[in-house]
Amino acid sequence: MVVSEVEESISTTTDEPILVAMYGKFGDIDRVRIVFDRMPKRDLTSWNSLISGLVKNGASSEALGVFRRMRCCGVIADCTTILGVLSACVNLATLEHGRAIHGYVICNNLICYNDFLMNSLIEMYCSCNSMAEAIKLFDEFMQKDVVSWNSLISGHVRNGDSFESLRLFCRMFVEHGLPDQVTLVSVLGACAEITALQFGISFHAVICKLGFGKNVMVGTALIDMYSKCGTILCSELVFEEMPNKNMVSWSAMITTYGLCGKGREALSTFHENYLFSSLAYGCVCRRWRWRDMVVGER
């Protein structure tokens, strides 16, 4: 009832695109389709909202179909449209559609051929296991940023060429400058894949020098790297020195003990994690009970 009244009040001001975007963010794809289909006139914003909502809610194939339908209606895509359909291609790992969209961008000489779009194209080719095309696009890109480097570095790791990802990182350090935590996690993943312990130890020193030594994501990746390189003591030291731990960090340490045959330590860490989680949960409950009591007294 309330939803219908909201839709009616908004539709009277001809702002259906707002509804399409809103329902997409809330994950109500069925209502997104209903609102979109009943719109007498659909502008580019409406199409973009529909495509974005579908992609974010796991309907990437349908998003590509909407893009084809949009083109048949004579609507010219902009940067937002292309970013949305490229995300759909990444989710589906469909190289054929990705190439077609890349061709569409070139043929239509889109103004939106910018940094965001170039990075999305590189990521798409990496996700579709087409590293040759990703490298070609990367080398042609004159305004590389950290996202560009990260896409190619992580792409090499995902496609089983960790040595190339390490070489690329060294090149990044010289040509671009400082990495971010995404770069560091990807490089540590490469070290873990090829058990490059010496590189990993040196890289750990670089991480501390850059100020990422207490970062939870990076710390967890370090635990995993040392574990896969067979140096469980280093994993323990990293874990103990982490000021903040999340469930992924605890799981990484438990897995480390399990892989090394230290079942007793794995169980001990598991129980410690369980106790920590229970205490945290209890603190939260007590806080909310205290808040409710204060509010009640008012």
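Guide: Here we set values against cut-offs, one term at a time. Keep in mind that this is a predicted model.

Visitor: What makes Leu178 exposed?
Guide: Its relative accessible area is 59%. Exposed means over 50%, so Leu178 is exposed. Leu178 sits in the loop between helix H11 (162–175) and helix H12 (181–193). Together with Phe173 and Val174, Leu178 forms a nonpolar patch on the surface. The accessible area of these three together is about 330 Å².

Visitor: Why is Ser151 called buried?
Guide: Buried means under 20%. Ser151 has a relative accessible area of 7%, so Ser151 is buried. Ser151 belongs to helix H10 (residues 146–158).

Visitor: How do you know that the side chains of Ser151 and Glu123 make a polar contact?
Guide: The contact is 3.3 Å, and the cut-off is within 3.5 Å. Setting aside neighbours within four places in sequence, Ser151 is in contact with Asn119, Ile122, Glu123 and Cys126.

Visitor: What makes Glu133 and Arg99 a salt bridge?
Guide: Their side chains meet at 2.9 Å, N to O. The rule asks for within 4 Å, so the pair counts as a salt bridge. Glu133 lies in helix H9 (residues 131–140) and Arg99 in helix H7 (residues 95–107), so the pair ties together parts that are 34 residues apart in sequence.

Visitor: Why is Arg99 called partly exposed?
Guide: Arg99 has 44% relative accessibility. Buried is under 20%, exposed is over 50%, and partly exposed is in between. Therefore Arg99 counts as partly exposed.

Visitor: How do you know that Arg171 and Asp139 form a salt bridge?
Guide: The N to O value is 3.7 Å. The limit is within 4 Å, so this pair passes too. Arg171 lies in helix H11 and Asp139 in helix H9, so the pair ties together parts that are 32 residues apart in sequence.

Visitor: How many salt bridges are there by this rule?
Guide: The count comes to 10. One of the pairs is Glu164 and Arg167, at 3.0 Å. Both lie in helix H11, three residues apart, about one turn of the helix.

Definitions and conventions:
Residues are numbered from 1 along each chain as its sequence is written. This is a predicted model: local features need pLDDT of at least 70, side-chain atom pairs count only at pLDDT 80 or more; totals for chains, interfaces and linings use all residues. Side-chain values use heavy atoms; hydrogens and water are left out. Patches are made of residues with over 30% relative accessible area and no salt bridge: like charges are joined within 9 Å, nonpolar side chains (Val, Leu, Ile, Met, Phe, Trp, Tyr) within 5 Å. Accessible areas come from the Shrake-Rupley method with a 1.4 Å probe; for residues, only the protein chains shown count as cover. Helices (H or I, at least four residues) and strands (E, at least two) are DSSP runs, numbered from the N terminus. Buried means under 20% relative accessible area, exposed over 50%, partly exposed in between (1.4 Å probe, protein chains only). A polar contact is a pair of N or O atoms within 3.5 Å; within protein, one must be able to donate a hydrogen and the other to accept it, and residues adjacent in sequence count only if both atoms are side-chain atoms. Contact means heavy atoms within 4.5 Å.
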